[in-house]
Amino acid sequence: MAQQKGTTKTKGKPNSLVTKYLMLYNGVQFLGWTWVALIMVAHYMENDNCSGLWKKEEFFVKFFQSLMAMEIIHAAVGFVNSSPWITAAQIASRVFIVWGVIHIFARIHNSITIPLMLTAWSITEIFRYSFYFLNLFTTVPYVLVWCRYTFFIVLYPLGYIGELLTTLFALPYIRDTKLLSIGLPNVSNISFNYYYFIIGAAFLIYIPSFPQMYLHMMRQRKRALMPSPKKIE
C-alpha cells in the first residue's frame, strides 16, 4: 500500500469526524487481518497441508480485501496524504487476484500459493493498520515503524510471487473452461478471451510494475527510518 512517514502525527484535529472515521476503519482492518492470520495459525496447528485453508479464510479475505478499495477514496478526497493512483495500483492487483482468479476457479483453492499470499498479506496489514491507527493520535513507537518499513523487504516479494504463481496455476483452467470469455459469432460482434487478457495483464502490467513499486517503498523506508541531518552551527 501507499506508504506514509513513520512517526508523524495526524494533521487533523484528534476529535474530528475524519479522524474518528479513520480510527474506526484502521482498527477494523487491523482486527480483520489479525483474524485472518489467527485462522491460518489454527489451521496449521491441526493440519500439515493447506487443504481447506481457503474455505476457512474466504469470507474474511474477500471482505477485508474489498474494503481496501475505500483507501482509494481516502486518498482522492484528501483524508490521507497518499497518491490515489499508487494506492489504486497496489490494491487493484490483490482485489483482482481474490475476485478475478481465486473466486472463479475453485480448483486452485488448495494451492500452496494461497498460504504464501495470506502470510505475506496478513503480516503486512497487521503492521500497516496498527501503524496507521496509532499515527492518528500519538507518536508511533519506533519498533513498529521499523517493522512497518522493514518486513516488507521480504513480505512484498513473497506476496508478489504468491499472487503471480496463483494466476499462472489458474491459467490452464481459464483456458479450458473459457469462463468470462466471449466467442464469435454473437449479436454484438465482439470477442473477448479472458485467458489472453490475464496473460497480457501479467506480462504487460503486473510484472513490469514490481520494480517500480518496490523501489518506491524502499525510498519511503529511507525517509521514514533515516533521521534528517541536523544543521551544524
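**Aromatic pairs and the core**

Okay, let's start with Phe151: at a relative accessible area of 34% it's partly exposed, meaning between 20% and 50%, where under 20% is buried and over 50% exposed (1.4 Å probe, protein chains only). This is a predicted model, so local features need pLDDT of at least 70 and side-chain atom pairs 80 or more, while totals for chains, interfaces and linings use all residues. Numbering runs from 1 along each chain as its sequence is written, and side-chain values use heavy atoms, without hydrogens or water.

What does Phe151 form with Trp146? An aromatic pair, edge-to-face, 6.2 Å centre to centre with 90° between the planes. For Phe, Tyr and Trp (its six-membered ring), pairing takes centres within 6.5 Å; planes under 30 degrees apart are stacked, over 60 edge-to-face, the rest tilted. Trp146 is partly exposed too, at 35%.

Now Tyr129 and Tyr132, both in helix α5, three residues apart, about one turn. Helices here are DSSP runs (H or I, at least four residues), numbered from the N terminus. Their ring centres are 6.3 Å apart and the planes at 80°, so that's edge-to-face as well. Tyr129 is buried at 0%, and Tyr132 is buried at 10%. Both belong to a ring-pair cluster that also includes Phe131 and Tyr149.

How values were computed. Helix = DSSP H or I, 4+ residues; strand = E, 2+ residues; numbered from the N terminus.
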